[in-house]
Amino acid sequence: MSGTIVIAMQRNGELLTSSFEAITAARGVKEAGDTLAVVIVAADPQSLAGPLSVGGVDEVIAVRASDDFQPDLIEAVLDDLIGQRKPALILVPHGVDAWSFAPATAARNGLGFSTDVLALRREGGDLVATRAGYAEKVLMDIDFPGKETVLLTLRTNVFEPAAGQAQATVTELAAPSADIATKHEGWKPPADAGGIDIPGAEFILSIGRGVADEANVEQFLELADKMGATLGCSRPIADNGWLPKARQVGQSGRLAANCRLYVAMGVSGSVQHQWGMKHVENIVAVNTDPEASIFSIARYGIVGDMFEIAAELENHF
Amino acid sequence: MMAAATDIRGAGGQDALVARVVAGGDLYAALGLYAGAGPGARAALEPVIFASPRQKLITAAAAFAPASLLDRLAADAGEALALRLAKNPATPTSALRRLLGRCGDARMARCLAAHDHADAAILDELASHPAVEVRRAVAGNPAAPAGVIGRLAADDDGLIRRAAAAAPEADAGTLARLWQTGDDGVRAEIAAHPNCPADLLAAALRSTDARLRRRLASNPSLGAAELEQLLADPDDGVRAAAVRNPTVSDAGIDTGREPSARIRRLIARRHQLGADVIARLAADPDPWVRRWIARHPDLPAGLLARLAQDDDPGIRRSVARNPASPPDLLVRLAQDTAPWVQAGVALREDAPPEAVGALLSSRDRDVLGALGRNPATPATTLKAIAASGDADVRRSIAFNRAAPQAAVLLLAADPYPLNRAMIVGHPLLDDGALADLLDDPDPQVRFAAARRLGRRAASFPPRNSDGKPGDDE
């Protein structure tokens, strides 16, 4: 067993950045003499082979099919490649696409398997994957004793996207026959957020009921602007029409998917709000109520008035 | 399952409702009814609420639990129950007093010391607690009386002294003593304190430490001369704090000479501004200054019209939210290219029909959500909004007192639990729909429905013996 296979993902024929992040992760654990192959399934895979020839990729395996996402087909491609090439490692960007084929592939082929992997390394030649557990409260190192092939899904925005031209060969692979159980009906673009990108923001300043009045909201828009943050909010603020719904973080709002610093001011921290942000590594909570739920998930907490803290922050930006 | 319907109107209405909730054995419905129930009904509901130790723990931690129930729980609370009660912001003073007598560990004492309902006697006792975190909590409690603060000002702990210096009840004598012994942080708090003695204000004014002058500038007891000096301070942060000071008169603010956009933004936030200052700020090169002044209620129509054409949609939105904006301007802004500006008009109950009409074909979720809240929106549109595919848009109906009953009933059957919980308070939700919600799978919906039904039942006058409404109905 040797070599690594990366499954590249595309939407409407455009490669996702997470595909290039997976290439970087693969290169990081590549052993001498190993090959790194990237698989792309698309309507015109040849046009995507060039862009995928980056950062140490030895081979691009092009599978001509539809641009529509078809998990059964990717499963069939992977089954074939596992049978023919016996790779030691398969890497897939973590996300809804991976969920629909990676666990099934791993289970059917008896592979070592872990999801949402944050880091990869070799220890004495053995692969060790790191992932979070217990709602991001602990990091777990996972090894795969006795497994000849390991399949991992990789958390996005953790690895740098691969760059730098490579001289990869391109191999065409006929799409295998697959028992297709699902049908792609069409793309539904997300609601127009007017340029507000809560899922993509790395730094979010979020306000809740503590802001008290619509007139006070502008002050935090201004502060977020100064700090280089994206302003988010809890549900009552969006319900009142004080901020666009695109800024709402939480169960019925947006997920702060790529956030690394979340400053919650005057947010009590309802379960619904936490759904959208509790995974963030650095949460700073400001609330006058020391028993507010938000403090139970915050790394740093300030029991104090959000307006006083905001005024102090303004002195620093 | 409970019975499908409960007639709450009439003499036996509340009894029937209590009987139904007792038969169902649901904790949350029982909690909802308890606050408005009489002694007999409470006695019937308590076995449901106190059915198990777990339910007692849930109740003790619930901020929505009635104070009288928390008081009952405090009477024989064990350690775990007592801690939850001490943390619960709804726990009344009487219950806190009971818990104080059984205050075993410092954790619970700290919760009592920080509690909003802790009275002077509780705080006085806890101010002598051996654990520093308890004394810190007492010092940080705004209800701590002057005598307690005076004692804590002599504490060895620096954080306690700083909290004492910021305590609302700290008197001039305590502040003067703290000034002598405190560090920079303590002195900064004293400089901002309304009870700060005049000689210490003067010393702070002369200080070379800008952080101290910043805190001083926020002091509401400063005189006009001191504020004038601070408004001319070379440090931006000091001038910013002075502009925020509510006692600053407009005469002391000179926008013409203010070089910092940050300070001009703060000036534009102020309510009391002269016409010439408003005009100057409306033409400010900084967009945030214009954004703030565009909300000013004294902005004349001409300037409003000019700002309504600003390139920055945030400024146009501010005009749309300005209560002084005339109807013709709202009509124009309802046709703005930016949906967020349109949503600002859609929120306005005083928007003319022509403006509302211009928004009815919008598909933007913020515009639809705003229309959903607006009593001026036509009933047909509100019904369509209640059937929207967007749960957040549908919820807006719950905030609209003029929503037609068909829309209200749609939201009462909404698949999203929060939407059902929100519509429970709507005046047009009838007893039958409310009674159905007593069986809702979501606890917050059952609680809200029971509370509302309980209040309604209590508000109906008794019926005559023949079952017909009484004379007052």
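The C-alpha centres of domain 1 and domain 2 of chain A lie 35 Å apart, where domain 1 spans 3-173 and domain 2 spans 198-315, with bounds that come from an automatic or database domain assignment. The model is predicted, and local features need pLDDT of at least 70, side-chain atom pairs count only at pLDDT 80 or more, and totals for chains, interfaces and linings use all residues. Residues are numbered from 1 along each chain as its sequence is written, while chains are lettered from A and ligands numbered from 1 in the order in which they are written.

**Sheet of chain A**

- Nine strands of chain A form an open sheet with mixed pairing, in the order E9-E8-E7-E10-E6-E1-E4-E5-E11; strands (E, at least two residues) and helices (H or I, at least four) are DSSP runs numbered from the N terminus, and two strands pair if DSSP finds at least two bridges between them.
- The edges are strand E9 (138-143) and strand E11 (169-173) of chain A, each of which pairs on one side only.
- Neighbouring strands of this sheet are turned by 35° against each other on average, direction ignored, with axes taken as lines fitted to C-alpha atoms (for helices over the stretch in contact) and angles running from 0 to 180 degrees between N-to-C directions.
- Strand E8 (residues 126-133) of chain A pairs with E9(A) in the antiparallel sense over six bridges, and Thr130(A) has Asp141(A) in E9(A) as its bridge partner.

**Helices on the sheet**

- Helix H3 (residues 71-85) of chain A packs on the sheet, touching strands E1 (4-8), E4 (36-42), E5 (59-64) and E6 (89-93) of chain A, and its direction makes about 150° with that of E4(A); contact requires that the C-beta atoms of two residues, placed from the backbone, lie within 7 Å.
- Helix H5 (residues 102-109) of chain A lies across E6, strand E7 (112-123) and strand E10 (150-154) of chain A, running at about 170° to E10(A).

**Contact between the chains**

- In total, 18 residues of chain A are in contact with 25 residues of chain B.
- On the side of chain A that touches chain B, helix H6 (214-227), helix H7 (235-239) and helix H9 (306-314) of chain A each give two or more residues, and H6(A) gives the most, with four residues.
- The residues on that side of chain A divide into six nonpolar, four polar and eight charged, where Ala, Val, Leu, Ile, Met, Phe, Trp, Tyr, Cys and Pro count as nonpolar, Asp, Glu, Lys and Arg as charged, and the others, Gly among them, as polar.
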